[in-house]
Amino acid sequence: MKELIKKILESDNLITIILAFITSFLTVKNNQRKTASEFFKKEGIKVQERLLDFWTGLLMNDLETNVDNYIKQANLKGKYNVQDITKIILKESMLYSSKSTIKAIGAYQQYIFKNKLEDKKSGFDETKTLVLPLRVTKRMKYDVTGERVSEIDVLKVRINDLNFKKILQARIYIIWLNIKENSGKLIVLVIILIFLYIKFKK
């Protein structure tokens, strides 16, 4: 087995093998994305629009107001309490969202669990509480409509005094979240680059 691996690494076809692997991986991902997109368009469009409205509302209103609006839209008044409604929203969000959107929802939920938002006073924490639901809204909008929006453009709508400092804070935090989210892919990329470096160094 070791000899086989050594031969592969020493082979002139190593780059071809790596490129073929990457191409195959991207093709599978693209097909999965197309399949998911078709499902989103055909099934539960009203639910998706309701969910998009809820997550967008978190940028403008408090959680309780958004839950009340969701209750009215879903005709659930008097049937469930706020905690039950929140669970329904999360369940439907996971059901009708792409893998990317679910990751953004997970990051938001983890932050809510670990931090009491009402106790945070600094501007940077305020930016965090907007960026997290904003990432969900951006990705869910793409799931539903196929349109991409810029996080910073949406922040400009939400924050009237959005200055350079706040924009920089938001961009740094978004980059950090994306790195955390894609750490596995980055590790694979680093391994591939190491193999290529060893190959060409010889």
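Me: In this predicted model, what length has the polar contact that joins the side chains of T101 and S98?
Reply: T101 is a residue of helix α6. The polar contact in question runs between the side chain of T101 and that of S98. The computed length of this contact is 3.1 Å.

Me: Is T101 buried or exposed?
Reply: Leaving out residues up to four places away in sequence, T101 touches V136, R139, M140 and D143. The relative accessible area of T101 is 0%. A residue counts as buried under 20%. T101 is therefore buried.

Me: Which residues is M140 in contact with, leaving aside its neighbours within four places in sequence?
Reply: M140 belongs to the largest nonpolar core, where M140 is among the residues that touch the most other members. With neighbours within four places in sequence set aside, the contacts of M140 are L51, L52, W55, S93, S97, T101 and I105.

Me: What arc holds the buried residues of α5, seen down the axis?
Reply: Helix α5 has 15 residues and reaches 21 Å from its first C-alpha to its last, close to the 21 Å expected. Its buried residues are I85, I89, E92, S93 and Y96. Viewed along the axis of α5, these residues line one face of the helix, because they fall within an arc of 105°.

Me: Which residues are exposed on the other side of α5?
Reply: The buried set of α5 consists of I85, I89, E92, S93 and Y96. An exposed residue has a relative accessible area over 50%. On the other side of α5, the residues that are exposed are Q83, K87, K91, M94 and L95.

Me: Why do the buried residues of α8 line one face of the helix?
Reply: The buried residues in α8 are E151, I152 and L155. They line one face because, seen down the axis of α8, they fall within an arc of 90°.

Me: To within what distance of the backbone nitrogen of I152 does a side-chain oxygen of S150 reach?
Reply: I152 is one of the buried residues of α8. At the start of α8, S150 directs a side-chain oxygen to the backbone nitrogen of I152, and the oxygen comes to within 3.3 Å.

Me: How many Å apart in space are I159 and L130, C-alpha to C-alpha?
Reply: I159 sits in the loop between α8 and α9, and it counts as buried at 9% relative accessibility. With neighbours within four places in sequence left aside, its contacts are L130 and K166. In sequence I159 and L130 are 29 residues apart, whereas their C-alpha separation is 9.5 Å.

Me: What value is phi of N75 near?
Reply: N75 is placed in the loop between α4 and α5 and counts as exposed at 59% relative accessibility. Most residues other than glycine have a negative phi. N75, a residue other than glycine, has a positive phi, near 55°.

Me: Which element of the chain has the highest mean pLDDT?
Reply: The chain averages a pLDDT of 77, and 73% of the residues score at least 70. The lowest mean among the elements, 54, belongs to helix α1 (residues 2-10). The highest mean, 89, is that of α3.

Methods: Residues are numbered from 1 along each chain as its sequence is written. This is a predicted model: local features need pLDDT of at least 70, side-chain atom pairs count only at pLDDT 80 or more; totals for chains, interfaces and linings use all residues. Side-chain values use heavy atoms; hydrogens and water are left out. A nonpolar core is a set of buried Ala, Val, Leu, Ile, Met, Phe, Trp, Tyr and Cys residues joined through side-chain atoms within 4.5 Å. Buried means under 20% relative accessible area, exposed over 50%, partly exposed in between (1.4 Å probe, protein chains only). Contact means heavy atoms within 4.5 Å. Helices (H or I, at least four residues) and strands (E, at least two) are DSSP runs, numbered from the N terminus. A polar contact is a pair of N or O atoms within 3.5 Å; within protein, one must be able to donate a hydrogen and the other to accept it, and residues adjacent in sequence count only if both atoms are side-chain atoms. pLDDT is the predictor's confidence in each residue, from 0 to 100. The expected span of a helix is 1.5 Å times one less than its number of residues. The arc is that of the directions from the helix axis to the C-beta atoms.
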